Amino acid sequence: RLHADTQGTLDEKATEDLRKLVLEPLKLKSGDRKLWISPDGALAYVPFSLLLPKADLTFVPSGSTAVQLADQAQVRGEGVLALGDPRYSSRPIAAMPGRLRSGFKLAPLPASGDEAKAVGDVVLLGEEATEAKLAEAISKRERWRAVHFACHGLVDPQRPSFCSLALTPAEGSDGFLTALEILRSDIPADLVVLSACETGRGKVYDGEGIVGLAGAFMVAGAPRVLASLWKVDDEATRALMEAFHAKWKAGAPAAAALRQAQEHVRTIEKSVVDREASRKARRTVMKKTRPWKDPRYWAGWVLWGGGE
């Protein structure tokens, strides 16, 4: 229910109720600004950045895993490999991993190409955004600073090994990069960004947390994974990702870069026509608005992993 609430508008009372339910038992100190969260069960779907907007938050499967990931995080890669705007067939898909049924069509994501170009040093777009081209590009460097995916994400809460990223289909490949395939891969990167819907979801196991895409990338060699808890808005996501990469490239720790990017998105101001004022004045009147201040635009992003 907490997850469902955050997809609509949360008023201050609802947010405060959630804060009391989740945070009060922890008895956090007011000065705590860096927190490691090892959530169990449904707690993995709580948008902690909504409850603690001034804190740098990192999710970890367990304390022992955090230590192991922190050791991996000491190595630093170079460059950002970004994939975006995959070419999805206009024909209905006969079969696919995840919960989508036969006959479903994947909508094109042209804005994801702009996002990939904005953040990537090496970019795979359109017909180049295939599993084979991705593997080839990853192998060209010993280690990447980040690998960024801007595409559709598909989650299967019953069969987490079939959670997948939808890339461009090619000969010998259906285009679905599944969690199982990722587990069998070597993806040496300081960070993997999953800029797609619901990539932080999967199957929840008591005592183990979420099994899905984020965990698969950590096993494959990335000590940090940025993922989403729910469906995301294209424009707000691009703004958040550009801000995040700018802070990350400038040397900010990943958790701090995410917090700053979320603050940037929720406080962005845009000028729009004030229709009521324009009607009364019989001329065009503009007003300032913050189009993405609602939590559904920014609070669903979570950082899994270890190290700074």
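# Close-up views

**Arginine 145 is buried, with a relative accessible area of 11%.** Buried means under 20% relative accessible area, exposed means over 50%, and partly exposed lies in between (1.4 Å probe, protein chains only). This is a predicted model: local features need pLDDT of at least 70, side-chain atom pairs count only at pLDDT 80 or more, and totals for chains, interfaces and linings use all residues. Residues are numbered from 1 along each chain as its sequence is written, and side-chain values use heavy atoms, with hydrogens and water left out.

What does the side chain of arginine 145 meet in a salt bridge? The partner is aspartate 190, at 3.0 Å from N to O. A salt bridge here is a side-chain nitrogen of Lys or Arg within 4 Å of a carboxyl oxygen of Asp or Glu. This pair links distant parts of the chain, 45 residues apart. Arginine 145 lies in the loop between α6 (131–139) and β5 (146–150). Aspartate 190 lies in the loop between α7 (179–183) and β9 (192–195). Helices (H or I, at least four residues) and strands (E, at least two) are DSSP runs, numbered from the N terminus. Aspartate 190 is buried too, with a relative accessible area of 0%.

**Other salt bridges in the structure.** How many salt bridges does the structure hold? There are 17. In one of them, the side chains of aspartate 85 and arginine 87 meet at 3.1 Å, N to O. Aspartate 85 counts as buried, at 15% relative accessibility. Arginine 87 counts as partly exposed, at 39%. Another salt bridge joins glutamate 128 to lysine 133, with the closest N and O atoms 3.9 Å apart. Glutamate 128 is partly exposed, at 38% relative accessibility. Lysine 133 is partly exposed as well, at 33%.

Is β5 mostly covered or uncovered? It is mostly covered, with five of its five residues buried. Ala146, His148 and Ala150 are buried on one side, and Val147 and Phe149 are buried on the other. In a regular strand the side chains alternate between the two faces of the sheet. Two strands pair if DSSP finds at least two bridges between them. Five bridges join β5 to β3, and these strands run parallel. The bridge partner of glycine 84 is alanine 150 in β5. Four bridges join β5 to β9, again running parallel. Histidine 148 stands opposite valine 193 in β9.

**An open sheet of three strands.** The order is β6-β7-β8, with antiparallel pairing. β6 (152–154) and β8 stand at the edges, each with a single partner strand, so one side of each has no neighbour in the sheet. The twist averages 25° from one strand to the next. Three bridges join β6 to β7 (residues 164–166). Glycine 153 stands opposite leucine 165 in β7.

**The largest nonpolar core.** A nonpolar core is a set of buried Ala, Val, Leu, Ile, Met, Phe, Trp, Tyr and Cys residues joined through side-chain atoms within 4.5 Å. The largest one has 84 residues. Leu134, Phe149, Leu165, Val192, Leu194, Phe217 and Phe244 touch the most other members. Helix α9 (residues 234–249) gives the largest share of this core, seven residues. Leaving aside neighbours within four places in sequence, valine 192 is in contact (heavy atoms within 4.5 Å) with residues including Val147, Phe149, Ile187 and Phe217.

**Leucine 52 and its contacts.** Leucine 52 sits in the loop between α3 (48–51) and β2 (56–59). It counts as buried, at 17% relative accessibility. Leaving aside neighbours within four places in sequence, leucine 52 is in contact with Leu23, Leu28, Leu35 and Leu57.

Definitions and conventions:
Axes fitted to C-alpha atoms, helices over the stretch in contact; angles between N-to-C directions.
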